[in-house]
Amino acid sequence: MKVHKHEAIIVGAGGAGLMAALYASKAGADVAVVSKLYPTRSHTGAAQGGIGAALGNLDEDKPIYHTYDTVKGGDYLTDQAAAKILAENAVDAVIELEHMGLPFDRTSEKRISQRRFGGHTRNFGEELVRRACHAADRTGHMILQTLYQQCIKNEVHFFDEFQVVDMIVVDGAVAGVIAIELGTGEFHIFHGKASFFASGGWGRCWSVTSNAHALTGDGAAIALRRGAPLEDMEFFQFHPTGIYRMGILITEGVRGEGGVLINSVGERFMERYAPSAKDLASRDVVSRAIYLETREGRSIKNRGYMHLDIRPQTVNRYFAEEGRDRGDFIDDATIERKLPDILDFCRTYLGVDPVKEPMPVQPTAHYAMGGIPTNVDAEVVIDAAGTVMPGLYAAGETACVSVHGANRLGTNSLVDLVVFGRRGGMRMAEFVKEADWKALPSDPEGEIRAEFERIRNSTGKSRPGELRAKMQETMMENIGVFRTQETMQKGINDLAELRERFYTDIQIDDKTRVFNTDLMEAWELGALLDLADVTARTAIERKESRGAHSREDFKERDDENWLAHSLISHDGALADPSYTVSFDKPVDLSLWEEEIARGLPEDKQKFRPKARVY
Amino acid sequence: MDVTFRIRRQNPEVAGKEKPYWQDFVLSDVDPTDRVLEMLHRIKWEQDGSLSLRRSCAHGVCGSDAMRINGVNRLACKMLVQDVGERVQIEPILGLPVIKDLIVDMEPFFDHYKRVMPFFVNDNPAPEDGRERLQTQEDRELFDDSTKCILCACCTTSCPSFWANGHYVGPAAIVGAHRFIFDTRDQAGQERLDVLSEPDGVWRCRTIFNCTPACPRDIEVTRAIGEVKLAIRKGKTSGIIRPNEVQ
């Protein structure tokens, strides 16, 4: 058994992990980054449209407007103090990224260029604002590359292609993690004073997703199994514009540049659902509109997809109707310059040239608003009172701060990972200076080794790939954009059956050690099953509709009874877990409370929860 | 349609399979617009779970699944069945040691990348107003092409000079250096040019052009290498790429 000792162990090398690594190591901590992928393969690199920050380079803008949009976008489940930190820190974080060399596009004043994005407005919803700082349509790629490059410069210690599979908890505190070195199949113990999960989301629970195959929620599942609760798991975002059938993301930046959604009768249907923001309403609103149009028989060829049209003649016609300045009009070259990757995806996968034809799009499972609960310094908290689990940190998609509430705004995932990755890295560096080493228990890897041996040696009849596909289908069908008690119960029953088969009846083909991806995929399926299960079980308990959780049997938001975060925990039994769900964690409404304390009348209170209109 | 995949396999732990061998798999109900990666997954998930490959994003932005498809380097997730035909031959990329099936040792590739100082250097104090450094969009576009690189290794492992001499930094590392050498905000251009003037630097490039068509991101790799060579010869980085030549 190899044991590695580093003060701070970071799990995952996407934006949040690399940001934490940079700031913790700059503050003097001895850091190791452990990642199942080479850092540049991380899914941060797939983010396209931009990173929101109220720089005001093109339109008047302030962090408080960004805060408001984030709270409203989250359907008021967003913790308001955290959203304020997000928006204020975003400005510094983007400037720092530029100072690290990130090649943003530029304005004619040589400053960082910004574009419109869904739900981002000026002056508390008055009009759409250009806030998304962009580098063509590969902003996430540039962030990931820049951070990795800076980590090379700062000589951060990486363990690439080491997959973390368990966490070591000693007397309620975290003493490190256990990983498998993929190239040898050997277990390694990473003994740390602090462990930081930045391991991404779990979109692979659904069949149509924008997420990478690697996004199996390993970190969240490990934390859950080792005693941390998960927060707001019922809220999973469906992005309205995935490539039909494949789910590959088509950035909201297409609509930010003027693209419109069109139904089978040639109508720009978002004008009916969101008269002001139209196609740039928040994502939950647009995804639901696509489903409702489909239900009423107005999807293209009745196949459940819509057309996303960025052709200059279409865009300019709507610009003219809206009275936009002729200087805003676009031509073929504008699209080629601003959206090169989108054009490439459509040409490659669909044989469709978006300059000449509209793109077929449908909602695609995209982003987990919920995750491992943390405070604003990325410390993991384990109850409604905010008790910290010593030595455990989380940031990025795997965490729930909660800044995204019930629905994340476009660009805010990148903001989240740089802001809270950085804050967490700095906090962790302070912690490891003071904290003592926890002695490792004897045989810390015994349980996880046994689980891997069980999978390796099982002689059942079910192939993990078949079980995974069934899980993804039931999640898509029953715990998707619209939900009812019946569909969710069906989902829970299906998942129970799949879990039973996973623990009693699987078989894998590859029994070797070196790069046994058959084995690792099977273990990942166990993680996905846990995350699917907690998603379904919190969703069925929340008897209201809010943000991405949209119930047909409880159509309205119900602040009286449900303005609270969910927490779900697991008793640690892998094959037959029992869960506890609570709705005791209050939403932070401090900005609204300040407005009340200042004596503002109700109609002037910007942060008072109210019906969302776009 | 039915499609036959002929795959170059190797497994260091299984007797009789330590040396490379070919294995055929036949898939039915294949749609011409299916991705090659999805077909490899179908083989793995339906027929033989031991087939080993790297992959992640499945849409050409993470760079994991570079392989040699019908004799040319491609990302499996960016090739459709209709692009490759009904008999497809798949091998690991060349020039890096094979570990298992389609998985090669990427460490030498990343080591070369790290040699060229692939990170932004500017030791001047940040602007006093606390805001971004300034750059014109024209200057930003000078190095736009090389910012697209995803380090998939398709270019480097298609290069005969790299096959002949694994010490050569290779096209991907030069593209990585180019991205900073021509960034007007960066200050370490000369140091990178010095690294690349060494015997295993750019002069190992014989302008064979394999790298350019191999790039899944359509980077003009050979051109970028040429611009670096010119910068070394002229001893300066300005005036090499003229904005009106940038596509």
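Which residue in strand 2 of chain B is the bridge partner of B:R6? The points below lead to the answer and then turn to the rest of the model.

1. This is a predicted model, in which local features need pLDDT of at least 70 and side-chain atom pairs count only at pLDDT 80 or more, while totals for chains, interfaces and linings use all residues. Residues are numbered from 1 along each chain as its sequence is written, and chains are lettered from A and ligands numbered from 1 in the order in which they are written.

2. The partner of B:R6 is B:D24, and the bridge belongs to an antiparallel pairing of strand 1 (residues 3–9) with strand 2 of chain B that runs over seven bridges. Strands are DSSP runs of E with at least two residues, helices are runs of H or I with at least four, and both are numbered from the N terminus; two strands pair if DSSP finds at least two bridges between them.

3. In chain B, five strands make up an open sheet of mixed pairing, in the order 2-1-5-3-4. Strand 2 (21–27) and strand 4 (72–75) of chain B each have a single partner strand, so one side of each is left without a neighbour in the sheet. Neighbouring strands of this sheet are turned by 35° against each other on average, direction ignored.

4. Helix 1 (residues 36–47) of chain B lies across strand 1, strand 2, strand 3 (66–69) and strand 5 (87–91) of chain B, and runs at about 95° to strand 2 of chain B. For such angles, axes are lines fitted to C-alpha atoms, for helices over the stretch in contact, and the angles run from 0 to 180 degrees between N-to-C directions.

5. Between the chains, 42 residues of chain A are in contact with 44 residues of chain B, where contact requires that the C-beta atoms of two residues, placed from the backbone, lie within 7 Å.

6. In chain A, strand 8 (residues 162–170) is mostly covered, with eight of its nine residues buried, a term for residues with 20 or more other C-beta atoms within 10 Å of their own, C-beta atoms being placed from the backbone. Strand 8 of chain A pairs with strand 9 (residues 173–181) of chain A in the antiparallel sense over eight bridges, and A:V177 is the bridge partner of A:M167. The hairpin of these strands has two residues between them, and A:D171 takes a positive phi near 50°.

Notes
A residue is buried if 20 or more other C-beta atoms lie within 10 Å of its own, exposed if 12 or fewer, and partly exposed in between; C-beta atoms are placed from the backbone.
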